[in-house]
Amino acid sequence: CVVPRFPPSSRQMSEADSSYAWMRLAIALLIGTIGSVGMWSVVVALPTVQAEFGVARGAASLPYTFTMLGLAFGGIMMGRLADRFGIGWPLVCAGIALALGYIGSASATSLWQFALAHGVFIGCFGTAATFAPVMADMSHWFKRRRGIAVAIVAAGNYFAGAIWPPIVQHFISTQGWRATHIGIGVFCAITIIPLSWAMQRPAPAHDMQAAETASAGARGELGLSAGALQALLAAAGLACCVAMAMPQVHIVAYCGDLGYGVARGAEMLSLMLGFGIISRIGSGWIADRIGGLRTMLLGSTLQGLTLLLYFFFDGLASLYVISALFGLVQGGIVPSYAIIVREYFSPFEAGARVGIVIMATLFGMALGGWMSGVVFDLTGSYQAAFANGLAWNLVNISIGLWLILRARLRLAPI
């Protein structure tokens with residue numbers, strides 16, 4: 001979708017970084033926190049679903065993989081809809097789809113029905129609209145504080161990760177997983193749909209032409225075509241999230257295997273994502289000062305170093321500390337890609353470009369979640385799965401470092 005290049009009105013100019021923009025950001029954060037339940041409820045339910053359907057760990061990881069694949073494709077589709085009609089209507093669709101998906105999954109009689117409900121309704125048409133398209137939308141409402149604004153709205157995903165897992169685990173243990181899923185679906189519908197009406201105002205067109213010129217100049221410094229840079233960012237996003245998925249998807253099951261219980265694992269996941277909130281917001285502050293590309297490289301490097309700690313420590317207290325540290329260092333990586341897109345690509349392509357890169361990160365989460373389960377089934381241990389994640393993390397670091405060094409070498413005097 002191509003947005004017409006109309007000159008901004010004085011009202012649109014005043015809306016950038018305005019009090020309304022900050023209020024809109026708060027509503028977007030709330031919607032993202034509710035809608036992102038789709039990413040985390042399936043993680044908490046993994047051991048229960050595995051027992052219910054009598055499948056191996058790798059097969060039980062498939063609903064998560066389907067959810068991530070749905071998020072990946074849905075992010076692009078919903079992003080294009082948001083570019084054309086605004087973010088409000090995709091969010092209405094999300095509220096309806098999440099209700100249908102959770103109620104449908106509660107009625108599943110097989111693992112494949114459960115996985116399809118998560119992939120199609122919860123992932124593609126539901127949670128997808130509350131993630132990448134909302135980040136792209138908020139990038140239009142801020143200029144001076146774009147980095148921190150995008151990071152804050154992206155933190156909705158981690159607020160969800162901090163809040164939802166213990167709630168979902170409590171109701172699964174007391175009410176059963178089917179009743180819990182019905183309750184989640186109803187809650188999403190009665191909250192997201194009314195909140196979406198506050199997001200109906202179209203995005204301001206402030207400084208769009210100037211931003212397009214600046215992004216073309218920034219990409220020229222790299223000496224790469226738009227397609228080549230997009231492909232590199234997609235590869236980097238996929239690689240870092242394969243690594244990221246190992247602790248996030250399997251920490252609950254890992255704690256169960258170690259004898260600590262799934263409730264302890266859910267607490268660690270909540271702790272990990274709670275500290276990820278700090279990381280995400282902090283990364284926005286950093287990105288406003290050093291740029292999205294360097295912010296991504298910093299987070300990825302620290303993520304790799306933290307993954308190493310899982311090789312050497314598996315005590316209960318140690319896992320709590322490492323999980324908190326992991327969240328603290330990696331939470332800012334994904335929103336940094338949205339910042340990079342706005343720095344190096346035209347703002348008129350923001351919805352589609354952000355959707356493509358976020359799709360790659362979600363492919364990485366889907367691949368990493370499934371691959372870690374398969375590696376566990378083959379080896380009977382999560383040590384090899386941690387090693388696999390670390391190898392993928394090194395790929396991400398290499399791409400980020402190469403891009404930064406390339407820009408420096410091209411700008412260096414001969």
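User: Let's start with H140. Where is the place of H140?

Analyst: H140 sits in the loop between α8 and α9. Before we go on, keep in mind that this is a predicted model.

User: Noted. Is H140 buried or exposed?

Analyst: Buried: the relative accessible area of H140 is 11%, and the cut-off for buried is under 20%.

User: And how many Å apart in space are H140 and I192?

Analyst: Going C-alpha to C-alpha, H140 and I192 are 22 Å apart. Along the sequence they are 52 residues apart.

User: OK, switching to charges. How many salt bridges does a search of the whole structure find?

Analyst: The search gives 3 salt bridges. One of them is between the side chains of D137 and R24, at 3.2 Å from N to O.

User: Which helices do D137 and R24 come from?

Analyst: D137 is in helix α8 (residues 132–139) and R24 is in helix α2 (residues 19–35). The two are 113 residues apart, so this pair links distant parts of the chain.

User: Are those two buried or exposed?

Analyst: Both D137 and R24 are buried.

User: What does E52 form a salt bridge with?

Analyst: With R178, and the closest N and O atoms are 3.2 Å apart. E52 lies in helix α3 (residues 37–53) and R178 lies in helix α11 (residues 177–196), so this bridge ties together parts that are 126 residues apart in sequence.

User: How exposed is each partner there, in terms of relative accessibility? Start with E52.

Analyst: E52 is at 41% relative accessibility, which counts as partly exposed. R178 has a relative accessible area of 27%, and R178 is partly exposed too.

User: There's also the E267 one. Which residue does the E267 side chain meet in a salt bridge?

Analyst: R264, at 2.7 Å from N to O. E267 and R264 are 3 residues apart in helix α14, so about one helical turn separates them.

User: And why does E267 count as partly exposed?

Analyst: Because its relative accessibility is 35%, and partly exposed is the range between the buried limit of 20% and the exposed limit of 50%. R264 is partly exposed as well, with a relative accessible area of 29%.

User: Since α14 came up, how do α14 and α16 pack?

Analyst: Helix α14 packs against helix α16 (residues 316–330) at an angle of about 30 degrees, and their axes are 6 Å apart. That angle makes α14 roughly parallel to α16. The crossing of α14 past α16 is right-handed.

User: What about α14 with α9, at what angle do their axes cross?

Analyst: Roughly 165 degrees, with the axes of α9 (residues 146–154) and α14 (residues 262–290) coming within 7 Å. So α9 is roughly antiparallel to α14, and the crossing of α9 and α14 is right-handed.

User: One more pair, α15 and α17. Left-handed or right-handed?

Analyst: α15 passes α17 in a left-handed crossing. The axes of α15 (residues 292–312) and α17 (residues 333–344) come within 8 Å and cross at roughly 160 degrees. The two helices are therefore roughly antiparallel to each other.

User: Now the surface. Which residues form the nonpolar patch?

Analyst: The patch is made of M77, L81, F85, W89, I96, L100, L116, V120, F121, F125 and W197. Together they have about 1000 Å² of accessible area.

User: Which elements give two or more residues to the nonpolar patch?

Analyst: Those are α5 (62–85), α6 (88–106) and α7 (111–126). Helix α7 gives the most, with 4 residues.

User: Take L116 from that list. Which helix does L116 lie in?

Analyst: L116 lies in helix α7. With a relative accessible area of 47%, L116 is partly exposed.

User: Last stop, L378. Where is the place of L378?

Analyst: L378 is in helix α18 (residues 350–379). With a relative accessible area of 71%, L378 is exposed.

User: And how are L378 and G58 separated, along the chain and between C-alpha atoms?

Analyst: L378 and G58 are 320 residues apart along the chain, while their C-alpha atoms are separated by 9.7 Å.

Note on methods. Residues are numbered from 1 along each chain as its sequence is written. This is a predicted model: local features need pLDDT of at least 70, side-chain atom pairs count only at pLDDT 80 or more; totals for chains, interfaces and linings use all residues. Side-chain values use heavy atoms; hydrogens and water are left out. Patches are made of residues with over 30% relative accessible area and no salt bridge: like charges are joined within 9 Å, nonpolar side chains (Val, Leu, Ile, Met, Phe, Trp, Tyr) within 5 Å. Accessible areas come from the Shrake-Rupley method with a 1.4 Å probe; for residues, only the protein chains shown count as cover. A salt bridge is a side-chain nitrogen of Lys or Arg within 4 Å of a carboxyl oxygen of Asp or Glu. Buried means under 20% relative accessible area, exposed over 50%, partly exposed in between (1.4 Å probe, protein chains only). Axes are lines fitted to C-alpha atoms, for helices over the stretch in contact, and angles run from 0 to 180 degrees between N-to-C directions. Angles under 35 degrees count as roughly parallel, over 145 as roughly antiparallel, 65 to 115 as roughly perpendicular and the rest as oblique. A crossing is left-handed if the near helix is turned anticlockwise from the far one by less than a right angle, and right-handed if clockwise.
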